[in-house]
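Here are my notes for a first look at this one. Have the view open as you read.

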Amino acid sequence: MLNLEKNVDLKPFNTFGIRANAKYFSRIHNADQMKELVRSEIFKDERHVVLGGGSNVLFIRDFDGLVIHNETKGIEKVNENDDTISLRASSGELWHSLVLHCVAENWGGIENLSLIPGTVGAAPIQNIGAYGVEVRDVIENVDVIDLGDGSSKTFTNDECRFEYRESVFKRELKEKIFISSVTLRLSKKNHRLNTQYGAINDTLRAMQVSEPTLRSVSDAVIKIRTEKLPDVRAVGNAGSFFKNPDISAEAFEKLKHTFPGIPHYPAANQRVKVPAGWLIEQCGWKGKKINHVGVHAMQALVLVNFGDAKGEEIFQLATEIITSVREKFSITLTPEVNIF
Ligand SMILES: Cc1cc2nc3c(=O)[nH]c(=O)nc-3n(C[C@H](O)[C@H](O)[C@H](O)COP(=O)(O)OP(=O)(O)OC[C@H]3O[C@@H](n4cnc5c(N)ncnc54)[C@H](O)[C@@H]3O)c2cc1C
């Protein structure tokens, strides 16, 4: 039996805390309900979007269609040997709860991705990453339901075509599939801890940890993120609003001539990645507040809703930031956040 609500305010369902009205709203508790919904008249008639934790979306107007809220739950072992375990998690599980579960069981691979908000199902969409780890490093496969005909399909890691904050699901298959579950392969012993990135080593030292474990690395990441990123319960935001751009080596050399201190990292295909936060800060945006919206004072990549901002105000701010970065650096920033 389908559940369908009408005229639902999406404010509690997006971490920006933006008020937007969904014409229809349906909560999905398992894959069968999703298939039933796909076959329904309302699904055929209305524009639709899947919402997980709403931590990577910006609604700039009311949603004149059907919002499908993913509330599917369940985690099961699908394979195990002496060294590794494969876990299939339903897409509506909270990502951070899955991380804590794995850390508690001493299963390694996702501890650096602690405290990323949102659901398991959204993780492959933009190949979530933090502190030197991306979810593609542990994904075995992704199960989807085709929103055209309701059929099921499994994507191998290769078929997901992961890139930095990208996958086939964010490009060609955007809004065409529902991710129903994700299978991860994790280590059971000889964990390869990744502590080189960012402030992890320094934080472990400050925590007086000399022999790091999955638990202490996860604790260190949680500590760093809690100190650095705004709490969505206190101030509306969607984490990094923009992707870090990569530019050609020639373009980078030209920029370096004018801005000798420009930070940079090697990217694929001899390109050069430049931190978007630095570019935004150089344009004077860090800590700026315009009416209800602004740029976070500690982290220029994070746009915030200080109160009852409208989605279009955030969008307007993002557009102004893109323009000023383009004028100063000839680099066009692209949003990481999904805009509706
Ligand atoms: C404070 C903060 C910190 C963050 N830090 C990071 C970080 O370190 N690294 C990082 O990569 N991201 C980060 N993010 C972004 C965000 O947490 C991730 O992108 C997360 O995976 C989004 O999950 P969600 O369930 O909230 O997705 P939603 O925002 O609900 O959806 C995101 C997109 O995926 C689609 N979608 C969601 N679920 C499904 C599904 N089951 N099937 C098909 N489509 C679906 C939606 O339609 C939408 O287009 C951060 C966000 C915040 C607010």
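1. Start at Val142: setting aside neighbours within four places in sequence, Val142 is in contact (heavy atoms within 4.5 Å) with Pro124, Lys153, Thr154, Phe155, Cys160, Phe169, Ile179, Ser181 and Val182. Keep in mind that this is a predicted model, where local features need pLDDT of at least 70, side-chain atom pairs count only at pLDDT 80 or more, and totals for chains, interfaces and linings use all residues. Numbering runs from 1 along each chain as its sequence is written, and side-chain values use heavy atoms, with hydrogens and water left out.

2. Val142 also belongs to the largest nonpolar core, which has 39 residues; Val142, Trp95 and Phe169 are among the members that touch the most others. A nonpolar core here is a set of buried Ala, Val, Leu, Ile, Met, Phe, Trp, Tyr and Cys residues joined through side-chain atoms within 4.5 Å, and buried means under 20% relative accessible area (1.4 Å probe, protein chains only). A second, separate core of 35 residues includes Phe259 and Trp278.

3. What about disulfides (pairs of cysteine sulfur atoms within 2.5 Å)? Searching the whole structure turns up zero.

Technical notes. Buried < 20%, exposed > 50% of the residue type's maximum accessible area, 1.4 Å probe, protein only. Disulfide = S-S within 2.5 Å.
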